[in-house]
Amino acid sequence: MMYCLSVSHKMAPVTIREQFTFREEEKREFIEILSGKEAITGIVVLCTCNRSEIYVSGTKQAVSELQKELAEFKKVRLEEVLKYLNIYNGESAIGHLFKVTCGFDSMVLGEDEILGQVKEAYQISKDMKTVDYEMNVLFQRAVSCAKRIKTDTNLSKTPLSIATLVANEVFHFENGNECKKVMVIGMSGKMGTTITKNLISKQGIEVTGTIRKHNECLTLNIQSDYVKAVDYKERYQYMDDMDIVISATLGPHYTITYEDLSKVLKDKKKRLFIDVAVPVDMDASIEKLEGLTLFDIDYFETLSKNNTDIKLRELDLANAIMEEELDAAIKEVVFHPYIRRMDELKAAFTGKRLESLLYRVRDQLKSDELKVVLKTLDGLESWIKEE
């Protein structure tokens, strides 16, 4: 049977999650410790920024062994953190694995970064030969299910975050050139940094980011030949050369005004200005300038809401796919022990009358279970007649 011990954003604050994170070498060390336990036959350690989960298979003692070793390894008193832990077993553990791998349990519904993280965690254990038949089947099935959902639905293709939506507007903007020149005002802030990283993930985009001199060290976390930092005070000097200008500061004052912008824009080309600040960074009057389109935070929040509605519709289809794949995985695991027992079962049933077997089945099962058996028997009868 498979079990899962989970510490995630759903129940545990970041201070608790931090206690249960695993560096790469720690994962291997902990797997080695658990692999020496007689009650445990399979181990996978999954660790992301929002969760740490340990999957084990084995006997009923596997969970208690896991809890004991985890507390000792992380040097915590188990009694103090038990309320933050979720423990799944059997089919609930299998179901949880599928939900996690498919992105249903993520902070952003349907995000597919988790798929790569699950594959990596599984591969580490596979390389260490610490996954048994059951875990092999279940992790491979969960990964295949997530890939199918990614291909057959738009769940992971529908962005919700403002930073991603802003980047998509840049990607879709047509300026007739191979290269798009983008200015990010407030690049060193959290939103500005995230937007910049999204932008430089694709080719053909050059970013000029403004920083204030006393904060210029904050730009060091973006290393790219396609990003240039300039002093915030000099921002207007570069704007005529820009195709897109994005402002994402936390300041109370306008970063762009109509009066100042109109003086520097000589080229009347098509431009996109994006204001994702609250309160707004850009003077709304700039939209009067020829060729200029202005989007504010309300535009992106509407997009995000609409995308949420799309995601929820896609979720029904994705859930149906997951339920189908989950059922197939459970059947494979449940049926596997009987493959080895085929000769034994044939010998046990040899010479037995069908009537006696059916009456015995009737007497041993509950009514709902009996209906399933009889329906299966009807299907077998039809199949045999068609042969």
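Predicted model: local features only at pLDDT ≥ 70, side-chain atom pairs only at ≥ 80, totals over all residues.
Where in the fold is Glu53 found? Its place is strand β3, which covers residues 51-58. Leaving aside residues up to four places away in sequence, Glu53 touches Cys4, Leu5, Ser6, Val44, Val45, Leu46, His96 and Val100.

Let us now turn to the sheet. Strand β3 belongs to an open sheet of four strands, arranged in the order β2-β3-β1-β4, with antiparallel pairing. The strands at the edges are β2 and β4 (86-89); each has a single partner strand, so one side of each has no neighbour in the sheet. From one strand to the next, the twist averages 15 degrees. For those new to the subject, strands of a sheet pair through backbone hydrogen bonds, and the pairing may be parallel or antiparallel.

How many bridges join β1 to β4? There are four, and the two strands, β1 being residues 2-8, run antiparallel. Within this part of the sheet, Cys4 of the list I gave for Glu53 stands opposite Tyr88 in β4.

Helix α2 lies across β2 and β3 and runs at about 160 degrees to β2.

I come next to the salt bridges as a group. The search of the whole structure finds 22 of them. I shall present three pairs.

Are the two partners buried or partly exposed? Glu69 is buried, with a relative accessible area of 9%, whereas Lys37 is partly exposed at 23% relative accessibility.

The second pair is Asp243 and Lys269, whose closest N and O atoms are 3.2 Å apart in a salt bridge. This pair links distant parts of the chain, 26 residues apart: Asp243 sits in the loop between α10 (236-239) and β8 (244-247), and Lys269 in the loop between α11 (258-264) and β9 (271-275). Asp243 is buried, with a relative accessible area of 5%, and Lys269 is partly exposed, with 22%. The cut-off matters here: buried means under 20% relative accessible area, so Lys269 at 22% does not count as buried.

Asp152 and Arg148 form a salt bridge in which the closest N and O atoms are 3.6 Å apart. Both residues belong to helix α7 (residues 133-152) and stand four residues apart, about one turn of the helix. Asp152 is partly exposed, its relative accessible area being 44%, and Arg148 is also partly exposed, at 26% relative accessibility.

My last topic is the aromatic rings. A pair of aromatic rings is described by the distance of the centres and the angle of the planes. The count in this model comes to eight aromatic pairs. One of these is formed by Phe22 and Phe30, a tilted pair with 5.5 Å from centre to centre and 40 degrees between the planes. Phe22 is buried at 7% relative accessibility, and Phe30 is buried at 0%.

How are the rings of Tyr122 and Phe139 arranged? Their centres are 5.7 Å apart and their planes stand at 5 degrees, so the pair is stacked. Tyr122 lies in helix α6 (residues 113-127) and Phe139 in helix α7, so this pair ties together parts that are 17 residues apart in sequence. Both Tyr122 and Phe139 are buried.

Note on methods. Residues numbered from 1 in each chain as written. Heavy atoms only, no water. Salt bridge = Lys/Arg side-chain N within 4 Å of Asp/Glu carboxyl O. Buried < 20%, exposed > 50% of the residue type's maximum accessible area, 1.4 Å probe, protein only. Contact = heavy atoms within 4.5 Å. Pairing = 2+ DSSP bridges. Axes fitted to C-alpha atoms, helices over the stretch in contact; angles between N-to-C directions. Phe/Tyr/Trp six-rings, centres within 6.5 Å; stacked < 30°, edge-to-face > 60°.
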